[in-house]
Amino acid sequence: MNIHEYEALEKKRIERNLAYMEAGVNFIDIRMAYIDEGVTIGSGTTIYPCAVIEGNVTIGENCTIGQNTRIKDSTVGDGVTIQSSVVIESRVGDNTSIGPFAYLRPGSDVGSGCKVGDFVEIKNSKLGDGAKASHLTYIGDSDIGERVNLGCGVVFVNYDGSRKYRSVVEDGAFIGCNSNLVSPVHVGKNAYVAAGSTITDDVPDGALYIARARGKSLEGWVEKKGILKK
C-alpha cells in the first residue's frame, strides 16, 4: 500500500465515523476508532479510542465500547458495557457487563444482565440471564443457567486429551472459588459447590457438594525443622 492509498482509506474511515456520529453514536476520539463498513451501531452508544469493530457486527443503543476492545462478527444488545475485551462470533444480551480483559471466543452466548469480569474466558458456551463470572474463570463447552454464580478461579475441565465434553449448571447454582468441573457433569438447580472442590459426579438439586481433603496443622513443625526465620 502506498501513501496515497493509505490516505484514501483513512479519509473513508473518518467519513464513516462521522456518519455514525450524525446517527447518534458518541466518539471519545473519532480518529481513533476502527469500524468496518456495514457495522450497525445504535444511538447513544459511546466508542472509546482504539476500538476495533469488524465484520458482521450489530451493537445496540446506549452501549459503552471501551478502549482497546475488539468485536468481530457478533451481536451486542442494548445497554452493554465492554471494557478492553475481545468478542468474536458471539452474542451478548442487554445490560450485560463484559471485562476488562475478558475473551469471548466463537460460540459464546451471554444472556441479559450478566457479568463477565476480568480474565474470564468463554468458549462455545451459554450463560443464562443474570449469571455471573466475575474474574479468573474458564467456561468451555458448557451450559450455565440463569442467576448462576461462578466464583474466582472456576475451571470447566472440558478436554481429556482426545475428546471434548459438555457440562450443565442449572439455574441458581453457586460454584465456589477454585473449583474444577471435570466434564461431563451436571450441577442441579440451586445446588452449592464448596470452594476448592473438584467435581467428578453429578450434583442433585439443592445439594452441597464438597470434594477436598480435611486440613490439619502440625504445631511446632517449623521450629523442629530448624528453619525458623529470625
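Val 222 lies in helix α2 (residues 221-225); helices are DSSP runs of H or I with at least four residues, strands are runs of E with at least two, and both are numbered from the N terminus. The model is predicted, so local features need pLDDT of at least 70 and side-chain atom pairs count only at pLDDT 80 or more, while totals for chains, interfaces and linings use all residues. Residues are numbered from 1 along each chain as its sequence is written, and side-chain values use heavy atoms, with hydrogens and water left out.

**Surface patch**
- Val 222 is partly exposed because its relative accessibility is 34%; buried means under 20% relative accessible area, exposed over 50%, and partly exposed in between (1.4 Å probe, protein chains only).
- Leu 218, Trp 221, Val 222, Ile 227 and Leu 228 make up a nonpolar surface patch with about 490 Å² of accessible area together.
- Patch residues have over 30% relative accessible area and no salt bridge; nonpolar side chains (Val, Leu, Ile, Met, Phe, Trp, Tyr) are joined within 5 Å, like charges within 9 Å.
- A salt bridge is a side-chain nitrogen of Lys or Arg within 4 Å of a carboxyl oxygen of Asp or Glu.
- Accessible areas come from the Shrake-Rupley method with a 1.4 Å probe, and for residues only the protein chains shown count as cover.

- Apart from neighbours within four places in sequence, Ile 59 is in contact with Thr 40, Ile 41, Gly 42, Thr 45, Ile 53, Ile 65, Ile 71 and Val 76; contact means heavy atoms within 4.5 Å.

**Aromatic pairs**
- The structure holds two aromatic pairs; rings of Phe, Tyr and Trp (its six-membered ring) pair if their centres lie within 6.5 Å, with planes under 30 degrees apart stacked, over 60 edge-to-face and the rest tilted.
- Phe 101 and Phe 119 are stacked because their ring centres are 5.4 Å apart and their planes at 25°.
- Phe 101 sits in the loop between β13 (97-98) and β14 (103-104), and Phe 119 in strand β16, 18 residues apart.
- Phe 174 and Tyr 192 are stacked, with ring centres 5.2 Å apart and planes at 15°.
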